[in-house]
Amino acid sequence: MDSTVWLISLRDLDADARAVQLGAVADLELGPGQDRYVGDPLRMVLAGLAEKGRRPYVIESAGRAVGVLTLQSGAARLAGWPDDHSAWLLRGFLIDRREQGRGLGPLAAAAAVAAAGRLTVRHGGGETGVVLSVNEANPAGLSAYRRAGFRDRGRYAGGSAGPQRVMFRSFGPQ
């Protein structure tokens, strides 16, 4: 089974291609209890398209949508980071419940770091990596981010679903 992932930037598509991708996003399903950590996939990407600082992506594998994620600039404090501008915020990240367990999460998280690095170069930003927060009660998420090269940077109590772990991965070699 193919375990390659591609990130499709919804901002970079024309209206027809975006509509096709949004239809695929609408078909994604959350796993049991996942709604505690992440919202409805379609609502998340539509919110991302409505806000200038967010860049929503569809995660594809084997020619089909398997998840979504959003990179956001100027918002790293939302994950418990000390400032807003030294890191991209990775948010709204999910893999369809039917695709979980195939190793796609760590691949997509690592691809998000690479995409954020390219965005930083393209737009001349000062970001040095990607930050996220993951609920302490989400062992699958914690494991996936660790496998993607993210390092734990401490506890953040600001999450609406309970205590979070702040995780960061720099653009440099891992």
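**Entry 1: helices H1 and H2**

I began with helix H1 (residues 15-26) and helix H2 (residues 41-50), whose axes come within 8 Å and cross at roughly 145°. I noted that the model is a predicted one. The crossing of H1 and H2 is right-handed.

I then listed the residues that touch. From H1 they are Arg18, Leu22, Val25 and Ala26, and from H2 they are Pro41, Leu42, Val45, Leu46 and Leu49. Sorted by class, the contact of H1 with H2 has eight nonpolar residues, one charged residue and no polar ones. I also wrote down a general point: an α-helix has 3.6 residues a turn, so residues three or four places apart point the same way.

**Entry 2: helix H3**

I checked the length of helix H3 (residues 104-123). With 20 residues at 1.5 Å a residue, H3 should span 28 Å. Just after H3, I found Gly124 with a positive phi of about 65°.

**Entry 3: Ala62**

Most residues other than glycine have a negative phi. Ala62 is not glycine, yet its phi is positive, near 55°. I located Ala62 in the loop between strand E2 (54-61) and E3. Is Ala62 buried, partly exposed or exposed? Its relative accessibility is 44%, so Ala62 counts as partly exposed.

**Entry 4: aromatic pairs**

I counted three aromatic pairs. Trp81 and Phe168 form a stacked pair, with 4.7 Å centre to centre and 15° between the planes. The angle is under 30 degrees, so the pair counts as stacked. Which parts of the chain does this pair tie together? Trp81 lies in the loop between strand E3 (64-72) and strand E4 (88-95), and Phe168 in strand E7 (residues 164-170), so the pair ties together parts that are 87 residues apart in sequence. I found both Trp81 and Phe168 buried.

Next I took Phe93 and Tyr145, which form a tilted pair, 5.7 Å centre to centre with 40° between the planes. Phe93 is in strand E4 and Tyr145 in helix H4 (residues 139-147), so this pair links distant parts of the chain, 52 residues apart. Phe93 has a relative accessible area of 15%, so I marked Phe93 as buried. Tyr145 is also buried, at 9%. Ring pairs link Phe93, Tyr145 and Phe150 into a cluster.

Definitions and conventions: Residues are numbered from 1 along each chain as its sequence is written. This is a predicted model: local features need pLDDT of at least 70, side-chain atom pairs count only at pLDDT 80 or more; totals for chains, interfaces and linings use all residues. Side-chain values use heavy atoms; hydrogens and water are left out. Rings of Phe, Tyr and Trp (its six-membered ring) pair if their centres lie within 6.5 Å; planes under 30 degrees apart count as stacked, over 60 as edge-to-face and the rest as tilted. Helices (H or I, at least four residues) and strands (E, at least two) are DSSP runs, numbered from the N terminus. Buried means under 20% relative accessible area, exposed over 50%, partly exposed in between (1.4 Å probe, protein chains only). The expected span of a helix is 1.5 Å times one less than its number of residues. Axes are lines fitted to C-alpha atoms, for helices over the stretch in contact, and angles run from 0 to 180 degrees between N-to-C directions. A crossing is left-handed if the near helix is turned anticlockwise from the far one by less than a right angle, and right-handed if clockwise. Contact means heavy atoms within 4.5 Å. Ala, Val, Leu, Ile, Met, Phe, Trp, Tyr, Cys and Pro count as nonpolar, Asp, Glu, Lys and Arg as charged, and the others, Gly among them, as polar.
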